[in-house]
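Visitor: Please take one part of this model and look at it closely. I would like the details first, then how that part sits in the chain.

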Amino acid sequence: MIDLLIQSFQIKSMSIFEAIMLICFGASWPFAIMKTYKTKSVKGKSRLFLTLIILGYIAGMINKILNSPDIVFWLYVLNLLLVCTDFLLYFIYRNREENK
């Protein structure tokens, strides 16, 4: 267990590119969340798209746990939380679009 914890805070050479990808994706989610929150509109958002993104992040997290645990796992967690926030806003504001 301690070895897994130590490994989770190390970054392997190939994971640097994975980390860059996740940072780039993660940088866009706060803008999408703020836009949805400010406009209270989900026009143009796809529930299927958000679901697929969530499943992809979960698959990435499972891969990190089983095959190459490192600190990049926490980038997946952060991105997953951001997408889930956007998904939650989708369900909160979708009725506004239907009632218009």
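Guide:
**A close look at helix 3**

At the start of helix 3, the backbone nitrogen of Leu48 has a side-chain oxygen of Ser46 within 3.4 Å. That is a polar contact (a pair of N or O atoms within 3.5 Å; within protein, one must be able to donate a hydrogen and the other to accept it, and residues adjacent in sequence count only if both atoms are side-chain atoms).

The model is predicted: local features need pLDDT of at least 70, side-chain atom pairs count only at pLDDT 80 or more, and totals for chains, interfaces and linings use all residues. Residues are numbered from 1 along each chain as its sequence is written, and side-chain values use heavy atoms, with hydrogens and water left out.

Helices are DSSP runs of H or I with at least four residues, and strands are runs of E with at least two, numbered from the N terminus. Helix 3 covers residues 47-66. Its 20 residues should span 28 Å at 1.5 Å a residue, and its end C-alpha atoms are 29 Å apart, which agrees. The expected span is 1.5 Å times one less than the number of residues.

Which residues of helix 3 are buried? They are Leu50, Ile54, Tyr57, Gly60, Met61 and Lys64. Seen down the helix axis, these buried residues fall within an arc of 120°, so they line one face of helix 3. The arc is taken from the directions from the helix axis to the C-beta atoms. On the other side, Leu48, Leu52, Leu55 and Leu66 are exposed. Buried means under 20% relative accessible area, exposed over 50%, and partly exposed in between (1.4 Å probe, protein chains only).

Glu18 lies in helix 2 and touches Lys64, Val72 and Tyr76, leaving aside residues up to four places away in sequence. Contact means heavy atoms within 4.5 Å. Glu18 is buried, with a relative accessible area of 18%. The buried residues of helix 2 also include Ala19, Leu22, Trp29 and Ile33.

Helix 2 runs over residues 15-39. Its 25 residues reach 37 Å from first C-alpha to last, close to the 36 Å expected. Just after helix 2, Lys40 takes a positive phi of about 55°.

Now the whole chain. It has four helices and zero strands. Of its 100 residues, 32% count as buried. Among contacts with a separation of 6 or more, 80% come from residues 24 or more positions apart.
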